[in-house]
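Here is a short report on how two chains meet. Have the sequence and the 3D view open as you read.

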Amino acid sequence: MADKHKPAPMVDEVSEFEILELAVRELAIEKGLFTAEDHQAWTEYMHTLGPLPAARLVAKAWLDPEYKKLCIEDGVKASLEVGIDWINQMPTKFGTPSDYCNLRVMADTPKLKHVVVCTLCSCYPRPILGQSPEWYRTPNYRRRLVRWPRQVLTEFGLQIPEDVEVRVVDSNQKTRYIVMPERPEGTEGWTEDQLTEIVTRDCLIGVAVPKPGKTANDPRPVRKALKPYSH
Amino acid sequence: MSKPHYDREHHVKKATGIGDPQCFKGEAGTPKYQVGDKVRIRDLPDVFYTRTQTYTRGCTATVVRLVYETPPAEDEAWDNTENVEWMYSLLFKQKDLWPEYADTFAQDTLETEIPEHWLEPA
Amino acid sequence: MTEINPEKIELDQEMESRNLDKSAIPVLEKIKKQGRSWKELSNQYGVENPDPPWKITLEATCDVLSEVSCALPGIERRWEEDELCDQHYADVPFPERQLLALAHSLIRRGLIDEEDLAKHMQEVSKRLNMV
């Protein structure tokens with residue numbers, strides 16, 4: 001993983017384009033062309049916050065073997081039960097190259113661990129998982145995961161035992177993937193909501209496994225104000 | 001000023017409300033391979049565009065699922081959607097892809113999708 | 001392989017008949033010349049993200065203008081973007097180009113005012129650069 005002591009570089013400068021974007025948006029709101037709420041809702045659409053729909057899908061499947069079967073057989077249909085319509089809900093209503101409408105749910109077993117990558121670009125199941133994390137799109141992850149998966153997983157803090165098969169899934173065509181990890185011990189009797197909490201984004205990509213007590217996703221990228229307005 | 005009237009919306013019209021790749025269902029005919037078949041990835045030229053990874057070329061794999069029907073990426077890149085074919089999900093042994101892959105982990109695998117015209121029986 | 005689309009012909013005819021005023025807009029010309037693109041900035045600061053942080057909000061603006069307010073249908077915006085980029089913004093990288101074309105369309109359609117925009121940009125600039 002990246003050196004934790006060095007902050008990621010940022011562009012420490014406001015460009016004319018950045019200003020234009022905000023000015024156009026604010027004027028349009030001022031003229032009543034749309035509201036700030038409309039805009040916020042559309043922006044957030046792709047930047048899903050809070051428990052991910054995919055996390056609920058996994059939690060439901062842990063509790064309901066029939067639903068688990070459906071997930072494995074038809075991910076798009078299974079997504080409907082967690083409120084995600086891959087075809088009609090997307091703003092485009094057909095699936096763009098980034099959001100083709102074929103989801104596969106890769107179920108781990110005690111002897112099989114899946115992990116997802118897109119070596120060609122950054123294909124990612126956005127409708128159900130939001131935007132991909134920055135590291136997912138780096139050449140480092142894309143190039144090395146297919147070839148040295150155990151090494152890369154170790155960098156994420158995940159050691160896979162020797163007797164477990166590691167299966168890398170390379171998302172190179174129109175299928176998008178999520179991983180359904182094994183339900184961890186210590187979650188007996190938990191509700192769907194409780195289980196949903198521990199299925200973090202990284203668990204769904206396959207670079208982490210769920211643990212009771214570990215509920216927060218990795219901190220989401222926050223673009224801090226370079227020069228915050230002082231009230 | 002006159003402009004050529006290419007139909008840039010034909011895909012939208014076909015896929016809206018149905019989804020892509022769902023909109024190509026039933027257009028590929030009979031699949032050449034079935035689940036369990038052993039195939040080899042052909043080493044075809046890829047002058048313009050492909051989504052068949054170089055690291056799979058010449059390697060053998062097992063068909064694990066017939067995933068959907070679609071025009072191959074090589075055609076779609078040029079907006080050609082005429083030649084719809086089957087897409088196969090294939091399972092490779094890591095040792096077959098990377099000869100130096102550690103023997104200790106010989107059970108490790110990789111799954112990815114390859115269109116039919118890139119495959120030959122192994 | 002690709003059939004002639006009668007709807008596209010209709011769209012071309014309709015849009016051409018509107019005689020979009022494609023003349024340059026001074027405030028946008030200034031940004032075109034002086035604005036530093038994300039490509040330039042990300043190179044300078046060693047940032048790997050290929051897209052500027054404002055790309056997502058720009059896309060949302062285009063989406064709501066089309067889908068929520070219907071003030072600027074997406075298909076017409078893209079048609080005008082093609083025309084305007086040919087004429088003025090061909091050398092500007094994407095998505096800066098998309099942003100300039102959007103502002104151009106909004107001004108020419110009378111949805112926002114050129115002077116208002118210039119003024120408001122000063123205000124935004126002051127806010128964003130405040131120390």
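## Charged pairs

A salt bridge here is a side-chain nitrogen of Lys or Arg within 4 Å of a carboxyl oxygen of Asp or Glu. By that rule, there are six salt bridges between chain B and chain A. One of them pairs A:Arg147 with B:Glu100, whose closest N and O atoms are 2.5 Å apart.

## About the model

This is a predicted model, where local features need pLDDT of at least 70 and side-chain atom pairs count only at pLDDT 80 or more, while totals for chains, interfaces and linings use all residues. Residues are numbered from 1 along each chain as its sequence is written, chains are lettered from A and ligands numbered from 1 in the order in which they are written, and side-chain values use heavy atoms, leaving out hydrogens and water.

## How much is covered

Chain B puts 39 residues into the contact and chain A puts in 35, with contact meaning heavy atoms within 4.5 Å. About 3,000 Å² is buried between the two chains, and carbon and sulfur atoms give 45% of that; buried area is the accessible area (1.4 Å probe) that two parts lose on being put together, summed over both. On the chain B side, B:Arg51, B:Arg65 and B:Glu111 lose the most area to chain A, together 22% of what that side buries.

## Strand to strand

Strand S3 (residues 165-170) of chain A runs parallel to S4(B), joined by four bridges; strands pair if DSSP finds at least two bridges between them, and strands themselves are DSSP runs (E, at least two residues), numbered from the N terminus. Along this pairing, A:Asp170 sits opposite B:Thr112 in S4(B).
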